[in-house]
Amino acid sequence: MGASGNVALMALLGWPLITMGIFSAMSPRRAVLTSVILGWLFLPEVATLSIKGIPDYDKSAAIALAVLLSTALFDPRRIASFKANIYDLPMILWILGPFATSISNGLGAYDGVSACIVEALSWGIPYFMGRVYFSDQRAAHDLAVAFFLAGLLYVPFCLWEVKMHPHLHKSLYGFRQQGLNQTLRLGGYRPTVFLPHGIAVGMLMTSSALCGYWLWISGGFKKLFGVSVGWMVVGVAITAVLCKSTGAIALLIVGAVALAWSHKSKSSLLIVCMIFAAPSYITARALIGWDGVEIIELSRIIVNDERAASLKWRIDAEDLLVERAEMRAVLGWGRWRRWRVYDERGRSLAVSDGFWIIAYGQRGLVGLVLIVVVSLLPIVLVLRFHAVRFWRGPGAAGIEVLSIVQALYMIDYLFNFMLNPIVVVSLGAVISNVCAARMRAPTT
């Protein structure tokens, strides 16, 4: 990265100190929200501090370690208050699972422990923060509001890059997250700002718009700085469309329609369809051998030939990776790209984008099932303990929309993997509400 890359490393190394300053200036719960969101939105991508013998220190590690250290210093009783529940088991197994995979592949205990630490930084600590800080409806509402504000904060940056070109990351940190060709879409630019890819920005704005929309119409979040939140939601939604991520736009529509229709009809049918979408696709592709030709043709009809060709390319790559994964189907191949497919010259034959195929290759069927359960358990529990006819109430709207966001990200994981720590915090928040209060609503 050269001299300019030093700015990125300074930002990563300085983030724990900045987070401590945030904790000293506001309540611990607000400090968690502020530090996680600002870290995700503005810390550099790609930059990594590698020290032999320990896991890499990157953006995810900086955010997780900073918030955990600050919580231990400023609010230690919160950590001690945590009580594990049966609903935490999928996440615990997901974090510890790499150890079994490493041992089964002969990679050794050290590799297994290192892999578990990586998962704990990416998933475990954000999830834990959601569990201990957002265990009631008011806290979940604040988290959903913060998710909306994160997107609102990104609006001017996104619009700038849509108009000019994605260069903010390079201007500040001295390098791009990926090639400029990755930002070209539909005759214009797709913003990346400070996230790993334009797809991540699209999903952030989609989730933000959805949170704002549901909080607004539920009556619990009407004005901000004297301005109607409805107009702000429109602005975030328009920005989400301008991000030109076709999948994220489709998921925004799906999420909004599912929430509105479920409230109007008092039926959870559309929500149930969302829950089964990802498992059905994974089962068809990994176990039944479906070739996906129908969705390729549907993409051609609804969107355009370019999107259909891109989808076909992804599915063809999945076919090769599924064949590779089936050689170690139970626990997977582990890390170090051992699950990828190469030619005789060592060149990769299949680029892997979808999280499901990465999980299948690295962690086998065990890991694949776990990540599906981890992602969809919140919405399943919401349906189980909180009847749809009570949705849209201001006290529960935050929990409900955050659980819908989890389901939408699981669908996005079919074709992409842009892990968002705000989403993982939200996952813990929904689980915590279920554990602590059974949603504080009738179940009939």
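Guide: We may begin with a salt bridge, here a side-chain nitrogen of Lys or Arg within 4 Å of a carboxyl oxygen of Asp or Glu. E45 forms such a bridge with K59, and their closest N and O atoms are 2.8 Å apart. E45 lies in the loop between helix 2 and helix 3 while K59 belongs to helix 3, so the pair ties together parts 14 residues apart in sequence. Helices (H or I, at least four residues) and strands (E, at least two) are DSSP runs, numbered from the N terminus. This is a predicted model, in which local features need pLDDT of at least 70, side-chain atom pairs count only at pLDDT 80 or more, and totals for chains, interfaces and linings use all residues. Residues are numbered from 1 along each chain as its sequence is written, and side-chain values use heavy atoms, with hydrogens and water left out.

Visitor: Are E45 and K59 buried or exposed?

Guide: Buried means under 20% relative accessible area, exposed over 50%, and partly exposed in between (1.4 Å probe, protein chains only). E45 is buried at 12%, and K59 is buried at 5%.

Visitor: How many salt bridges does the structure hold?

Guide: In general, side chains of opposite charge can pair when their charged atoms come close. The structure holds 10 salt bridges. One of them joins K312 and D316, at 2.9 Å from N to O. Both residues lie in helix 14 (residues 305-325), 4 residues apart, about one turn of the helix. K312 is partly exposed at 42% relative accessibility, as is D316 at 35%. Salt bridges that share partners also join R29, R138 and D142 into one network.

Visitor: Which residues make the nonpolar surface patch?

Guide: Patches consist of residues with over 30% relative accessible area and no salt bridge; like charges are joined within 9 Å, and nonpolar side chains (Val, Leu, Ile, Met, Phe, Trp, Tyr) within 5 Å. L159, V227, W231, V234, I238 and L242 make a patch of about 560 Å². Helix 10 (residues 229-242) gives the most to this patch, with 4 residues. V227 lies in strand 4 (residues 227-228) and is partly exposed at 39%.

Visitor: With which residues is S375 in contact?

Guide: Contact means heavy atoms within 4.5 Å. Leaving aside neighbours within four places in sequence, S375 is in contact with Q406, A407, M410, Y413 and L427. S375 is found in helix 15 (residues 355-385) and is buried at 3% relative accessibility.

Visitor: What average pLDDT does the protein chain have?

Guide: pLDDT is the predictor's confidence in each residue, from 0 to 100. The protein chain averages 88, and 94% of the residues score at least 70. Over residues 439-444, pLDDT stays under 50.

Key:
Accessible areas come from the Shrake-Rupley method with a 1.4 Å probe; for residues, only the protein chains shown count as cover.
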